[in-house]
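Student: I would like a close look at one part of this model, the ligand site. Please take me through it step by step.

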Amino acid sequence: MKLLIINGPNLNKTGYREKTVYGARTLDEINSYVKERLEEEGISVEFFQSNSEGAIIDKIHSADAFGIVLNAGAYTHYSYAIRDALKCTQAKTVEVHMSNVHTREEFRNTSVLAANCVGVVCGFGAESYILAALALKKMYEETK
Ligand code: DQA
């Protein structure tokens, strides 16, 4: 059972940037933790990170997974191209954020992606990825 976790722009700087918002763990450390936790649940994970909108779109197009956990970073708030890409895949997608975007600047309160996702998880740090993955797994098992 394979899941794709996509991280967008600047998330490769997690652990170095805005530590009070995103924490001190690097993305590699978060990914190792998430991988281990999800393997316990029988989910194998492919991780992908890019700072480029087009690369994220290409990855969504070629997704070979039962679901996608997508932290599109700031693209969440304005990328209609990524929004459209989510309509090009059979894989159900959950939008994820480590921070609670609703308690931050006003522009972060808007998601143009959420309408093409089955759900949204935000505010739980690395746990946001795990909660999203487990929800996708349950949904997949119920519908297959
Ligand atoms: C983020 C929230 C976005 O608003 C921001 O641009 C990010 C990270 C999060 O994980 O909390 O880069 O997606």
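Student: To begin with, which residue has a side-chain N or O atom 2.8 Å from an oxygen atom of the ligand?

Tutor: Asn71 has one: an N or O atom of the Asn71 side chain is 2.8 Å from a ligand oxygen. Keep in mind that this is a predicted model. Arg108 also reaches the ligand through its side chain, with an N or O atom 2.8 Å from a ligand oxygen. Met98 uses its backbone instead: an N or O atom there lies 2.8 Å from an oxygen atom of the ligand. The protein covers 98% of the ligand's accessible area, which is 320 Å² for the ligand on its own.

Now the surroundings. The ligand takes up the space of the largest pocket. Around the ligand are Arg17, Tyr22, Asn71, Gly73, Ala74, His77, His97, Met98, Ser99, Val101, Arg104 and Arg108. Sorted by class, this shell has four nonpolar, five polar and three charged residues.

Across the whole structure, a search finds nine salt bridges.

Definitions and conventions
Residues numbered from 1 in each chain as written. Predicted model: local features only at pLDDT ≥ 70, side-chain atom pairs only at ≥ 80, totals over all residues. Heavy atoms only, no water. Near = heavy atom within 4 Å. Polar contact = N/O pair within 3.5 Å; in protein donor to acceptor, adjacent residues only side chain to side chain. Areas by Shrake-Rupley, 256 points an atom, 1.4 Å probe, with all protein chains shown as cover. 1 Å grid on protein atoms, 1.4 Å probe; cavity = no way out; pocket = protein on both sides within 12 Å on 5 of 7 lines; lining within 4 Å. Sits in = over half its atoms within 2 Å of the grid points. Nonpolar A, V, L, I, M, F, W, Y, C, P; charged D, E, K, R; others polar. Salt bridge = Lys/Arg side-chain N within 4 Å of Asp/Glu carboxyl O.
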